[in-house]
Amino acid sequence: MDLFAAEPELLPIPVDDGELYFMQQLPLPFANAEVMQRLLDETVWKAETIFLFGREVAQPRLSAWYGEARYTYSGRTFDPLPFTAVQLEIKRAVEAATGRRFNSVLLNHYRNEQDSMGFHSDDEPELGREPAIASVSFGDSRTFILKHKKQAKTVKIDLTDGSLLLMAGKLQHNWRHGINKERQPRGARINLTFRLII
Ligand SMILES: O=C(O)CCC(=O)C(=O)O
Ligand SMILES: [Mn+2]
């Protein structure tokens, strides 16, 4: 952390075959704890199910889809709810920080250390060829892991309270990412991934 940095900065994280940027604290008009509480209270959280070896099982996290466009992933289509006021505040801050535009958000609620996200790329056709995906985190930090698809390369980023991670360029094409369960106890974390559905 540079104590003399006057402005919060979106800094590049050097990776091969893609673009990655990180900002320690997204500038927001409310405290992180207040945003977190509103996201917990005002989001219609769902325990979605997936098919695993022919059996229907609950995803190891809660999720919600908001914004202006339908979204299909893992063979299922999700109709959005309209953006809430606090989501619009975060979206505005993310667009100012990144210079990109977004029209949808997937929210994930990791309730404790048992919740996780399997390795995947956000490469659905409706995201376009080189999608920009902006990921904002609140609450307890979790380790975001990127694994290169063709090389034995792994990048780990601690996604702390209030942070912004931007994935862009060919990153989804060449890398997978995910969040593992933790051995040590963890409190709640909410992550919002803003996307532009074309
Ligand atoms: O929780 C995270 O940081 C990752 C979320 C993610 O990869 C996604 O929603 O596609
Ligand atoms: Mn993702």
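Student: How many helices and strands are there in the protein chain?

Tutor: The model is a predicted one. Its protein chain holds both kinds of element, and the count is 3 helices and 15 strands.

Student: Why does the protein chain count as being as compact as a globular protein of its length?

Tutor: For 198 residues the globule rule gives 16 Å. The protein chain is as compact as a globular protein of that length because its radius of gyration is close to that value, at 16 Å.

Student: Which residue in β13 stands opposite Y21?

Tutor: Strand β2 (residues 19-23) runs antiparallel to strand β1 (residues 11-12), joined by 2 bridges, and Y21 in β2 stands opposite P12. β2 also pairs in the antiparallel sense with strand β13 (residues 164-168), over 5 bridges. In β13, the residue opposite Y21 is L166.

Student: Which residue takes a positive phi in the hairpin of β1 and β2?

Tutor: This hairpin has 6 residues between the strands. The residue with a positive phi, near 60°, is D17.

Student: Which elements give two or more residues to the shell around ligand 1?

Tutor: The residues around ligand 1 include L106, N108, H177, I179, N191 and T193. By class, the shell has 5 nonpolar, 5 polar and 1 charged residues. The elements that give two or more residues to this shell are β8 (104-110), β14 (175-179) and β15 (189-195).

Terms used:
Residues numbered from 1 in each chain as written. Chains lettered and ligands numbered in written order. Predicted model: local features only at pLDDT ≥ 70, side-chain atom pairs only at ≥ 80, totals over all residues. Pairing = 2+ DSSP bridges. Helix = DSSP H or I, 4+ residues; strand = E, 2+ residues; numbered from the N terminus. Near = placed C-beta within 6 Å. Nonpolar A, V, L, I, M, F, W, Y, C, P; charged D, E, K, R; others polar. Rg over C-alpha atoms; globule rule 2.2 N^0.38 Å.
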